[in-house]
Amino acid sequence: MAEFWLISAPGEKTCQQTWDKLMVATSRTNNLSTNNKFNIPDLKVGTLDVLVGLSDELAKLDTFVESVVKKVAQYMADVLEDSRDKVQENLLANGVDLVTYITRFQWDMAKYPIKQSLKNISEIISKQGTQIDNDLKARASAYNNLKGNLQNLERKNAGSLLTRSLADIVKKEDFVLDSEYLITMLVVVSKTNYTDWQKTYETLSEMVVPRSTKLLFEDHDSGLFSVTLFRKAIDDFKHKARENKFTVRDFQYNEEEMKADKEEMTRLSTDKKKQFGPLVRWLKVNFSEAFIAWIHIKALRVFVESVLRYGLPVNFQAMLLQPNKKNMKKLREVLYDLYNYLDSSAAVIDVSLIHTPCGKWKV
């Protein structure tokens, strides 16, 4: 996970001198960080009152859009399921990896025209973030319902013989059907009790058909046996079977219901496959859109705070630092020494940590 510090420092005679000074202090002599200029265009300043109000609004918008970025990234991981290792390759911004996008950041003039006021640009981003958030909720709800219904059916066809669906195990010929007097019951017997079953099943009730039992299916622990008896003996047979630790499954052979269940599972599985590709594409596109919007908010915040703290005319250099993890404490000390001539409120603007989407901003 890459980590960056986004800072702003007042321009010296030129902004290039500000940049050179930082480079000398942090990278050319002591390798404290890898630095990139963070290019912010000439935005419309507006009035002081607007900038003060916008400062608070942008902080809230920053938090909101960050949450959208995280939600889209997390849902991408959820949707990919067993292919979670491919999440990072799907989380791109403008077609490149996130570190590349941040370190080579260029303002998107088409999406966020700089002729617009700062307020209007922030509203464009806010509407965009809200739209992505709402669309994500709707798409996730629909896909999760489909996925949940499929999982419920899959669970019915898995697990032990005591609970799983028997539709894919039994066949029509296993049952006595359409008889007024006889019925075929299904009994789950532990493998350790096979011998007891064979010895006792005919005597569990007076009306069990002799030699009518048949082993239909086995799992690791148990076997599913069929047995035929007279209908009037059902309750007595169930009671005696329970006393002997045999479990009678409540099951009636219904070909139409079994066919419908199989068709429903096939339909749900097909629908899930059909929705998977378009959903992943939507997540990729909208993750990119949300992440790009998020970084533009960072640029807006740096611009607004820099103008408020350094004054007019606009003269500051925004810089992106990727700290050497072993030297973070030293880097902070160097930055303090570099800018301690400024008043305390303006020493370092927005010394924040940018992480890839699953991380946090720490201000």
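Into which domains is the chain divided? There are domain 1 (3-150 + 270-362) and domain 2 (172-252). Keep in mind that you're looking at a predicted model.

**Domains**
- Domain 1 is written as two stretches, 3-150 and 270-362, while domain 2 is the stretch 172-252.
- Taken over C-alpha atoms, the centres of domain 1 and domain 2 are 67 Å apart.

**The largest pocket**
- Its volume comes to about 480 Å³.
- A set of 23 residues lines the largest pocket, and if you want to find its centre, look for F251, Q252, Y253, N254 and M258, which lie nearest to it.
- Helix α8 supplies the largest share, with five residues.
- Sorted by class, the lining of the largest pocket has 11 nonpolar, seven charged and five polar residues.

**The second largest pocket**
- This one has a volume of about 180 Å³.
- Its lining includes C15, the run F38, N39, I40, P41 and D42, then F303, and finally V314, N315, F316, Q317 and A318.
- Strand β7 (residues 316-323) gives the largest share of that lining, three residues.

**How do you spot a pocket?**
- Rolling a probe the size of a water molecule over the atoms shows where empty space is left.

Notes
Residues numbered from 1 in each chain as written. Predicted model: local features only at pLDDT ≥ 70, side-chain atom pairs only at ≥ 80, totals over all residues. Heavy atoms only, no water. 1 Å grid on protein atoms, 1.4 Å probe; cavity = no way out; pocket = protein on both sides within 12 Å on 5 of 7 lines; lining within 4 Å. Points joined across faces, edges and corners; volume = space filled by probe spheres on them. Helix = DSSP H or I, 4+ residues; strand = E, 2+ residues; numbered from the N terminus. Nonpolar A, V, L, I, M, F, W, Y, C, P; charged D, E, K, R; others polar. Domains from an automatic or database assignment.
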